[in-house]
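Let us walk through a protein model step by step. Keep the sequence and the 3D view side by side as you read.

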Amino acid sequence: MNFKALTATIALIAAAPVVALAGGADDDTLVLNGEVEMTTKAAAPAHMADTYVDEIISGWHFRADETQALQMDDFENQGMIFVDDGLATWETVEGSEGKSCASCHESPDSMKGVAATYPKWNEDAGELRTVQMQMNDCRVNRMGAAPWKYDAKVAINVEAMIASQSRGMPVDVQIDGPVKAAWEQGKELYYTRTGILELSCASCHEENYGNYIRADHLSQGQINGFPTYRLKNAKLNGVHSRFKGCVRDTRAETYSPGSEEFIALELYVKSRGNGLSVEGPSVRN
């Protein structure tokens, strides 16, 4: 038995009986609206050479056929309802400057490519920014409006609308230069075991993807599909809220959406999907 298989087996024994072996990802093809074929499997990025993963796989492949079908058609994808709400907010004038998002950016398709490259470094601010951080900067400094709470419904709706403009484009976040320290911080968080259960992100999404934990078919935890409509709670979910839920499930103290830790973790996890197509808003369990 090789080292990878041995380590995965030990992890399974430690988590028994909640983890059960399964068949891994399926070989279906995600075609959006019968027109755009999405890249849902790709060679792992070079920076993952020291991991268990040699092929990156979208979470879409780990869902039931019925759930997969919902994402393939915008008329069936419940997340698109919230994209429409985001479009309405895009046109809404708010703040002391009498502006809307459209006042500066005009058509939503001006956001094409944004979701593929964020989080990214903002040179003027001297900080790593997520899409929601950039949205709030525009609200405060250009519109004279109050910032949205991180992962608030209105913020997620607009982020989903922005993401939808990049569907089919490859994720391509940068991990070097001024963002390298944050990327390293995110990597450390990804592999650090926490909580009463002593689990890390990697425990499930690297060492055991393809297996079942209770009734959930574990994916690689790729975030190219966020914001995600979850059937479990019938709403759009932001990636930081999902991180919070996962950390909480290890019975550990968790961080808040928008925290420095989750910003760093978002960058690292997003970089693990470099090469996959942007899918947001996707549909998951």
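Where is the place of Glu-198? Glu-198 sits in the loop between α8 and α9 (201–205). Keep in mind that this model is predicted. Look at the backbone of Glu-198. Its phi is near 50 degrees, a positive value in a residue other than glycine. Most residues other than glycine have a negative phi. Now check the surface. Glu-198 counts as exposed, because its relative accessibility is 54% and the cut-off for exposed is over 50%.

Asn-33 also has a positive phi, near 55 degrees, and is not glycine. Find Asn-33 in the loop between β2 (31–32) and β3 (36–37). Asn-33 is partly exposed, with a relative accessible area of 34%.

Next, turn to the peptide bonds. Most peptide bonds are trans. Yet a cis peptide bond joins Tyr-118 and Pro-119, with omega about 5 degrees. Pro-119 is found in the loop between α5 and β6 (120–122). Another cis peptide bond links Phe-226 to Pro-227, and here omega is about -5 degrees. Pro-227 belongs to the loop between β9 (216–217) and β10 (228–230).

Now go inside. The largest nonpolar core has 28 residues. Those with the most contacts inside this core include Leu-128, Tyr-190 and Phe-243. Leu-265, Leu-267 and Val-269 are in that group too. Which helices supply at least two residues each of this core? They are α5 (114–117), α8 (180–191), α10 and α11 (260–271). The largest share, seven residues, comes from α11.

Charged side chains come next. Side chains of opposite charge can pair when their charged atoms come close. How many salt bridges does the structure hold? It holds eleven salt bridges. Take Asp-50 and Lys-187, whose closest N and O atoms are 3.6 Å apart. Asp-50 lies in the loop between β4 (41–43) and β5 (55–57), and Lys-187 in helix α8, so the pair ties together parts that are 137 residues apart in sequence. Asp-50 is exposed, with a relative accessible area of 59%. Lys-187 is partly exposed, at 21%.

Glu-206 and Arg-272 form a salt bridge as well, with their closest N and O atoms 2.9 Å apart. Glu-206 lies in the loop between α9 and β8 (212–213), and Arg-272 in the loop between α11 and β12 (282–284), so this pair ties together parts that are 66 residues apart in sequence. Are these two residues buried or exposed? Both Glu-206 and Arg-272 are buried.

Salt bridges can also share partners. In this way Glu-127, Arg-129 and Asp-137 join into one network. Within it, Asp-137 and Arg-129 meet at 3.2 Å, N to O. Asp-137 is partly exposed, with a relative accessible area of 22%. Arg-129 counts as buried, because its relative accessibility is 8% and buried means under 20%.

Finish in helix α10. Ser-241 has its place there, and at 29% relative accessibility Ser-241 counts as partly exposed. Ser-241 and Arg-129 are 112 residues apart in sequence and 17 Å apart in space, C-alpha to C-alpha. Lys-244 also lies in helix α10 (residues 239–249). Lys-244 is partly exposed, with a relative accessible area of 31%. On the surface, Lys-244 gathers with Lys-149, Lys-232 and Arg-248 in a patch of positive charge.

Note on methods. Residues numbered from 1 in each chain as written. Predicted model: local features only at pLDDT ≥ 70, side-chain atom pairs only at ≥ 80, totals over all residues. Heavy atoms only, no water. Patch = residues over 30% accessible without salt bridge, like charges linked within 9 Å, V, L, I, M, F, W, Y side chains within 5 Å. Areas by Shrake-Rupley, 256 points an atom, 1.4 Å probe, with all protein chains shown as cover. Salt bridge = Lys/Arg side-chain N within 4 Å of Asp/Glu carboxyl O. Lys, Arg positive; Asp, Glu negative; His and termini not counted. Charge placed at Lys NZ, Arg CZ, Asp CG, Glu CD. Helix = DSSP H or I, 4+ residues; strand = E, 2+ residues; numbered from the N terminus. Buried < 20%, exposed > 50% of the residue type's maximum accessible area, 1.4 Å probe, protein only. Core = buried A, V, L, I, M, F, W, Y, C linked by side-chain atoms within 4.5 Å.
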